[in-house]
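Student: Could you go through this model with me, one spot at a time? I have it open and would like to start with a single residue.

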Amino acid sequence: MPCPADEKKNISGAGCTAIVKPSEVAKASSKVIYDVLPKYLNSDAFPVFVEGPEGATRMLKERYDLIFFTGGTKIGKIVYKAAAEHLTVWSSPFYGIKLF
């Protein structure tokens, strides 16, 4: 099974940027990602976005080149719908879904 860290490595290796949005449900994990990631990756290229559902909803209204989603089915359907509205490429490694 692919690991989200593998995708981040590929993204940064290609010179691209990404917004990192950890789950607001896993507060301890989100805090670790928020505190540690900027020590290893440029925070201008890889900002960590830690907000609740309202913030995530605002994020999904923006255009992206790719959405890489690793959450559950309920939220996945919301992410997929938002991606479709902008014709955005969407990928979910845990379900083996790559929609290009």
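Student: Is L87 buried or exposed?

Tutor: In this predicted model, L87 is exposed, with a relative accessible area of 79%; buried means under 20% relative accessible area, exposed over 50%, and partly exposed in between, using a 1.4 Å probe and protein chains only.

Student: Where is the place of L87?

Tutor: L87 sits in the loop between α4 (73-85) and β2 (89-92), where helices (H or I, at least four residues) and strands (E, at least two) are DSSP runs numbered from the N terminus. L87 also has a positive phi of about 55°, although it is not a glycine. Most residues other than glycine have a negative phi.

Student: What should I know about the numbering and cut-offs before going on?

Tutor: Residues are numbered from 1 along each chain as its sequence is written. Because this is a predicted model, local features need pLDDT of at least 70 and side-chain atom pairs count only at pLDDT 80 or more, while totals for chains, interfaces and linings use all residues, and side-chain values use heavy atoms, with hydrogens and water left out.

Student: What is S30 in contact with?

Tutor: Leaving aside its neighbours within four places in sequence, S30 is in contact with P22, S23, E24 and V50, contact meaning heavy atoms within 4.5 Å.

Student: And V32, is that buried, exposed or partly exposed?

Tutor: V32 also lies in helix α2, and V32 is partly exposed, with a relative accessible area of 48%.

Student: Changing topic, what is the overall pattern of the protein chain?

Tutor: Along the sequence, the protein chain follows the pattern α-α-α-β-α-β-β, with four helices and three strands. Of its 100 residues, 24% count as buried, and residues 24 or more positions apart account for 45% of the contacts with a separation of 6 or more.
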